There are 2 protein chains.
Amino acid sequence: MNTSALLASPLARGPGSLPRQRQLILRLKKAILAGQLPAGGKLPSSRALAEELDISRNTVLIAYEQLTAEGFVIADRQGTRVAPLSAAASGAMRAEPPPAKAPATARRLASIVSTRNANDASLPMTPGTPALTQFPINAWRRAQDRALQAAPAATLGYGNPVGEPALREAIAQYLRVSRGVRCDASRIVITEGAQGALALCVQLLTDPGDTAWLEEPGYRGAKSAFHGGDLDVLALRVDADGIAIPESAWRERPPRLIQTTPSHQYPTGAVLSLARRLNLIERARQAGAWIIEDDYDSEFRHQGEPIAAMQGLVADAPVLYVGTFSKTMFPALRLGFLVLPEAIAAQAMPSIVEMLRGGHRLEQLTMAAFIENGQFSRHLGRMRRLYRERQAALRDALASHLGIEHEVLGGHSGLHLTVRLPPQFPDQDIVRQARRMGMNPGALSAFAVSPLSEDNGLVIGYGNTAADRYPALLRRLKEAALECRKRR
Amino acid sequence: MNTSALLASPLARGPGSLPRQRQLILRLKKAILAGQLPAGGKLPSSRALAEELDISRNTVLIAYEQLTAEGFVIADRQGTRVAPLSAAASGAMRAEPPPAKAPATARRLASIVSTRNANDASLPMTPGTPALTQFPINAWRRAQDRALQAAPAATLGYGNPVGEPALREAIAQYLRVSRGVRCDASRIVITEGAQGALALCVQLLTDPGDTAWLEEPGYRGAKSAFHGGDLDVLALRVDADGIAIPESAWRERPPRLIQTTPSHQYPTGAVLSLARRLNLIERARQAGAWIIEDDYDSEFRHQGEPIAAMQGLVADAPVLYVGTFSKTMFPALRLGFLVLPEAIAAQAMPSIVEMLRGGHRLEQLTMAAFIENGQFSRHLGRMRRLYRERQAALRDALASHLGIEHEVLGGHSGLHLTVRLPPQFPDQDIVRQARRMGMNPGALSAFAVSPLSEDNGLVIGYGNTAADRYPALLRRLKEAALECRKRR
């Protein structure tokens, strides 16, 4: 084989072309991978190739060195030769697509058909989205800038995987005072939003095949997290007093984990009654199960004080308390937290340190400062007033402009109202139609694993939608609903 | 029972005390939970209690409303009574610690004894930590501030869970040009650092019990991620040409995942030879296995060009390419990325959207701008020169000042050098002693699942340590080593 001829076509020169050394390396690699320079074959001497290509010998030497380092060639006293390759290695060069096996996990996850909301915060009525345009972005920008200026360079490095001590302390104080949670900073883990906290509970407390209960209808993220841990998922109906657990469930499919949103059931708005809270705590204790209390938006209660957290109801409750700043601050912040039960905190922390890697330290420090200097509670106060006004406006507009028989469920809290509709108005159709008309409510039935006819309705966010827009929006929503009405 | 007497002790007044309404709520809750106000018992009328406590009747009414909302009491025409409770619920009020069952997963994870480095970036010789004091923090601060100013309020909301399009595009361009990776933005997923990418590979591609191979000695984070997915982990020895896979392993414990650091084996510094790369790709194809290429620090090659990525070697290689900005930027940024193989990208993305929740959008947008405007590659260039100088200084100091027989392994790349020591100098003892003396190298044996005698040595980071410090540091390290020498 005339190696020289193969390599001898001139290299590109001039502006826009790669450096010649780089070109030479790429050309040699390509020829070797294509089998044009076969395994064991000798390359031209650097001197000969340099002359042939009219480049400096040094350029060739550097190219050969690079190929040696990457294992394409072997240099010894006899010169430079193409590295020997096994049959399998030669096979790899005949590029064939790999067998596209869909592993079981991917199949399982793909089976969770995505009916989640587009979460397009720019559309009115998006559930779960706070009033982003009201966020004090300049105050946050200044706080962040101060934190970055104050941070010694080491703060750029790896931090404690469970979170910045300053933020854990600030959260512990806040939870004790505002949410009645029994905790101290040593039991708090900073997570990637509430979802990160759920995933951590699954990883920490379950084995594949364990049973997990969740609310029906309920928060889809819990279902994803439980599926991710290969859990056997049992969805239990909620009523006006929250999750209603039939006696048979304890007997027949005793849980390892129980997901619940006791202060403001998502999405029906029910408050878990005291009797059920105490009952749940006691039965969970007996069963060796753990309750996940997802307290996602109870800061915003529009009548009286916020409902106190279940975690603090009795001492040593088997409750993992999950919170998030996605609603109180903004979703892109993606900071959540988990309060471990005292009974397992000391034992679990070393495992958690292995499971998490920390990071986002500047955001955490900024958030800590935001809580400590009172900006967080001032912002909460402003938002509480704003959401109260928006919820009232939405209720008025529902009564005056929807013009379709409906029932407003629970909900004197939070950022959304859930409205049940008669079955001739199929919610998923209405939601699709509403999106075409520039509104983004959720379909109640999409929150259920096995929707019943009573799970037909709309989950209407008011966090991101100004009060004066509801009359017009509700008239449009009525239009959407009427277009989707089924005749029978 | 004299309910009034129980409730009648005066409420605290004056500065520093809680609002009286709050005090009353807490007092009533406590009495109910303690059984002092038994289930079914009637509360005093609001008028009577208000008089008794010398507070306004409205305060009492609000307190009763709150207790009603939280399910502690029930209000009807007969007045306000304590809610009825089941036997189990009453049991919950007798606080007993829950059975502290340690689930199998927690036990398993606790068995991973943490021998990871403290990662205290302020100590010299910490492996894997870049030169934090050299990071252009003001440029980053300005870029972040600009991104925050430019961001419409919607950017505070939920984003695409797989990452900001601008960053995915910037990474795709960078990887194609600088790392020889075959990709486009549609195959890139932004993750919580490299660890998030590993966890995603496990979740996406494996079932519990599947076999995963990793390098021995190797990156401990891979072991954690594989344990987290309940995988059967097989550690395969590395030599001077990288991971050496015995024929029997393919036969007896065929893998689903293979973790490898081909461009700069962590921690030995070996480069996976071309023959082995091609062989690995072909065998993985035949076995239906996926290779995880963890390309954590190969931007910093100190001789010639960076070693090209294995992912781009042949078309359609069954490789998941993992990268991170932890070394090139700073660890607290916690931004990593995964390039999916084309064969599964379209199929896997809908699952990934369910598995991730996105977030940290401002950091992502800042990073995208940093790449696009060239600041990233300028920073890389500066750091490459800096680390080259630091590595050379460390090599010189090892030769001149360690004064103990040793072998410097591989490593013309990255941020650390690995030095093998004779067995009479036990590495974990030396590391402990070194930490007491203010240095933070890693112990080579701690990187191995089942360390051999040849895995005795030190992993010395030079990313965070200035060149002129090495002579003094190495003399101190010699001292530490001599104090730990075993006589036999």
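**Cis prolines, helix packing and confidence**

I begin in chain B, where Pro267(B) sits in the loop that runs between strand E7 (257-260) and helix H12 (274-287). The peptide bond joining Tyr266(B) to Pro267(B) is cis, with omega at about 10°.

Pro217(A) belongs to the loop between strand E4 (211-216) and helix H10 (220-228) of chain A. A further backbone feature is found at Arg334(A), a residue other than glycine whose phi is positive, near 55°. Arg334(A) is located in the loop that connects strand E9 (319-324) with strand E10 (335-339) of chain A. I draw attention to these features because most residues other than glycine have a negative phi, and most peptide bonds are trans.

How do helix H9 and H10(A) pack? Helix H9 of chain A, residues 193-205, packs with H10(A) at an angle of about 35°, and their axes are 9 Å apart. The contact involves Gln195(A), Leu198(A), Ala199(A) and Val202(A) on the H9(A) side, and Gly221(A), Ala222(A), Ser224(A), Ala225(A) and Phe226(A) on the H10(A) side. The crossing of H9(A) with H10(A) is right-handed.

I turn now to helix H3 (residues 46-53) and helix H4 (residues 57-69) of chain A, whose axes lie 8 Å apart and whose packing angle is about 120°. H3(A) is therefore oblique to H4(A). This crossing of H3(A) and H4(A) is right-handed. From H3(A), the residues Ser46(A), Arg47(A), Leu49(A) and Ala50(A) meet Arg57(A), Val60(A), Leu61(A) and Tyr64(A) of H4(A).

Further along chain A, the axes of helix H16 (residues 427-436) and helix H17 (residues 470-484) cross at roughly 130° and come within 9 Å. That angle makes H16(A) oblique to H17(A). H16(A) passes H17(A) in a right-handed crossing. Here Asp429(A), Ile430(A), Gln433(A) and Ala434(A) of H16(A) meet Leu477(A), Ala480(A), Ala481(A), Glu483(A) and Cys484(A) of H17(A).

On the scale of the whole chain, chain A is divided into domain 1 (4-90), domain 2 (135-376) and domain 3 (378-487). The C-alpha centres of domain 1 and domain 3 of chain A are 67 Å apart.

How is chain A laid on chain B? A turn of 180° with a shift of 0.0 Å along the axis places chain A on chain B with an RMSD of 0.2 Å. The two copies are thus related as by a two-fold rotation axis. The same surface serves both copies, as 100% of the contact residues of chain A recur in chain B.

I close with confidence. The model scores ipTM 0.77 and pTM 0.82. Chain A has a mean pLDDT of 88, with 93% of its residues at 70 or more. Within chain A, confidence is highest in strand E7 (residues 257-260), at 98, and lowest in helix H6 (residues 104-110), at a mean of 54. Over residues 112-118 of chain A, pLDDT stays under 50, and the model has 19 contacts beyond four places in sequence for this stretch. Where pLDDT is low, the predicted coordinates should not be read in detail.

Terms used. Residues numbered from 1 in each chain as written. Chains lettered and ligands numbered in written order. Predicted model: local features only at pLDDT ≥ 70, side-chain atom pairs only at ≥ 80, totals over all residues. Heavy atoms only, no water. Domains from an automatic or database assignment. Least-squares fit on C-alpha atoms with pLDDT ≥ 70 in both. Contact = heavy atoms within 4.5 Å. pLDDT = per-residue confidence, 0-100. Helix = DSSP H or I, 4+ residues; strand = E, 2+ residues; numbered from the N terminus. Axes fitted to C-alpha atoms, helices over the stretch in contact; angles between N-to-C directions. Parallel < 35°, antiparallel > 145°, perpendicular 65-115°, else oblique. Left-handed = near helix turned anticlockwise from the far one by under 90°.
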